[in-house]
Amino acid sequence: SAPVSRREMKSDAVAERLAAALADHVQMPTWLVGHSAGAKVAIGLARRGAVPTLGLTLVDTADDHAPNVRDRLFAHVAGMRKGAANVRGLVQLVTGTDPFADEALLDRYFRAAARHDGAIWKVPVARGIEAILATDIDMTGDLAALDCPVQVIRGEKSSICPEEMAAKFHAACAHPLPVVAVPEAGHGITIENPGPLAEAIAGAIAGVQPAAEPLRCSG
């Protein structure tokens, strides 16, 4: 789609741009998966009917944040963007501003996600992510209107999507699938423990995918 300005970098605006970009290119039933703020975008895509939606998976997301959690999110983003001399320093930079951060999970995540320019290690942070984090939408209302299976997955140690948040989404869905808690994972679930995550998503798809249609993954 056309570039989205920082001012427009809100989940609903991004969903609208993606819907327009995908409308003429995706005809086969598609299972949408969104992680974190991407889950809000995936809900927006499903709600617009931009692609024929077979089902939807929300991975460790939240529809609102208590002020202390919001402050921790912004501190995380600022620390990852600032960087440090090594991965250990990057972990300490984040844990220094967030006493609730899980040091072991952060270390695992940063070792996989951080990049260096020869001197400073940083985690690439999407432009405008603060605008998405600062904008809450009525996810539960949107989920109730979707006529497709919805799966909720959370990291067992996640503070972004705790049990009560996952239960809230599950209760809002017209066609909910069982909530999945991935062990040894926090919010960085896609890197911290991707195997069980992939198995959970594949299992949900296999449960509703017609036998005549082979399971294909776009990557």
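**Exercise 1. Classify Arg47 by its accessibility, then find its salt-bridge partner.**

Step 1. Arg47 has 37% relative accessibility, so Arg47 counts as partly exposed. The model used here is a predicted one.

Step 2. The side chain of Arg47 meets that of Asp142 in a salt bridge, at 3.4 Å from N to O.

Step 3. Arg47 belongs to helix α2 (residues 37-48) and Asp142 to helix α7 (residues 139-144), so their pair ties together parts that lie 95 residues apart in sequence.

Step 4. Classify the partner. Asp142 has a relative accessible area of 16%, so Asp142 is buried.

**Exercise 2. Where do Arg111 and Asp107 lie, and how many residues apart are they?**

Step 1. Find the element. Both residues sit in helix α5 (residues 103-113).

Step 2. Take the spacing. Arg111 and Asp107 are 4 residues apart, about one turn of the helix.

Step 3. Check the side chains. They meet in a salt bridge, with N and O 2.8 Å apart.

Step 4. Classify each end. Arg111 is exposed, at a relative accessible area of 56%. Asp107 is buried, at 19%.

**Exercise 3. Which parts does the pair of Glu184 and Lys157 tie together?**

Step 1. Confirm the pair. Glu184 forms a salt bridge with Lys157, and the closest N and O atoms are 3.5 Å apart.

Step 2. Locate the ends. Glu184 is in the loop between β6 and α9, and Lys157 is in the loop between β5 and α8, so the pair links parts 27 residues apart in sequence.

Step 3. Classify both. Glu184 is partly exposed, with a relative accessible area of 40%. Lys157 is also partly exposed, with 42%.

Step 4. The salt-bridge count comes to 5.

**Exercise 4. Is Glu192 buried or exposed, and which side chain of opposite charge is nearest?**

Step 1. Glu192 is found in helix α9 (residues 189-192).

Step 2. Classify Glu192. It is buried.

Step 3. The nearest side chain of opposite charge is Arg108, 6.0 Å away. The cut-off is 4 Å. Glu192 has no salt bridge.

Step 4. See what Glu192 reaches instead. Its side chain comes to 2.5 Å from the backbone nitrogen of Gly186.

Step 5. List neighbours. Beyond four places away in sequence, Glu192 touches several residues, including Leu105, Tyr109, Glu184 and His187. Arg108 is also among those contacts.

**Exercise 5. Describe how strand β5 (residues 150-155) is enclosed and paired.**

Step 1. Count buried residues. In β5, 6 of the 6 residues are buried, so the strand is largely enclosed by the rest of the structure.

Step 2. Sort the side chains. In a regular strand, side chains alternate between the two faces of the sheet. Val150, Val152 and Arg154 point one way from β5, while Gln151, Ile153 and Gly155 point the other way. All are buried.

Step 3. Find one partner. Strand β2 (residues 53-59) runs parallel to β5, and 4 bridges join them. Thr57 stands opposite Gln151 of β5.

Step 4. Find another partner. Strand β6 (residues 180-182) pairs with β5 in the parallel sense over 3 bridges. Arg154 stands opposite Ala181 in β6.

Technical notes: Residues numbered from 1 in each chain as written. Predicted model: local features only at pLDDT ≥ 70, side-chain atom pairs only at ≥ 80, totals over all residues. Heavy atoms only, no water. Helix = DSSP H or I, 4+ residues; strand = E, 2+ residues; numbered from the N terminus. Buried < 20%, exposed > 50% of the residue type's maximum accessible area, 1.4 Å probe, protein only. Lys, Arg positive; Asp, Glu negative; His and termini not counted. Polar contact = N/O pair within 3.5 Å; in protein donor to acceptor, adjacent residues only side chain to side chain. Contact = heavy atoms within 4.5 Å. Pairing = 2+ DSSP bridges.
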